[in-house]
Amino acid sequence: MAERSQDLSVAVSALGPRGDGIADSRVGCLYIAGALPGETVRVTTGGKRGEGFVATLKEIVTPSPDRVDPPCPHFGAGGGACGGCSV
């Protein structure tokens, strides 16, 4: 159980219903916004979510072959500019 934040390197194995990448780790299942299946990523663990934990994406070490640049100019603009699709 993750009692405090930990920095981990994990392999993302699936895409969850909220559009988060899902990875198994030594602390349990992680839900990672912005990560795709097939990627190796560095994350920082956070609070409990369901049966696992939220994790913040810090770096994409090995990108998925399915990763593309987002076509929408609002993606990643900050300040809640997007609010649209989660995938």
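Trainee: What do β2 and β3 form, and which residue in the turn has a positive phi?

Mentor: β2 and β3 form a hairpin with five residues between them, and glycine 19 in the turn has a positive phi of about 85°. Strands here are DSSP runs of E of at least two residues, numbered from the N terminus. The model is predicted, so local features need pLDDT of at least 70 and side-chain atom pairs count only at pLDDT 80 or more, while totals for chains, interfaces and linings use all residues. Residues are numbered from 1 along each chain as its sequence is written, and side-chain values use heavy atoms, with hydrogens and water left out.

Trainee: How many bridges join β3 and β4?

Mentor: There are five, again in the antiparallel sense, and this hairpin has two residues between its strands.

Trainee: Why is strand β3 (residues 21-25) described as largely enclosed by the rest of the structure?

Mentor: Four of its five residues are buried, so the description applies to β3. Buried means under 20% relative accessible area, exposed over 50%, and partly exposed in between, with a 1.4 Å probe and protein chains only.

Trainee: Why does glutamate 39 count as buried?

Mentor: Its relative accessibility is 0%, which is under the 20% limit, and therefore the term holds. Glutamate 39 lies in the loop between β4 (28-32) and β5 (40-49).

Trainee: With which side chain does the side chain of glutamate 39 make a polar contact, and how do you know that the term applies?

Mentor: The partner is the side chain of arginine 67, at 2.5 Å. A polar contact is a pair of N or O atoms within 3.5 Å; within protein, one must be able to donate a hydrogen and the other to accept it, and residues adjacent in sequence count only if both atoms are side-chain atoms.

Conventions:
Two strands pair if DSSP finds at least two bridges between them.
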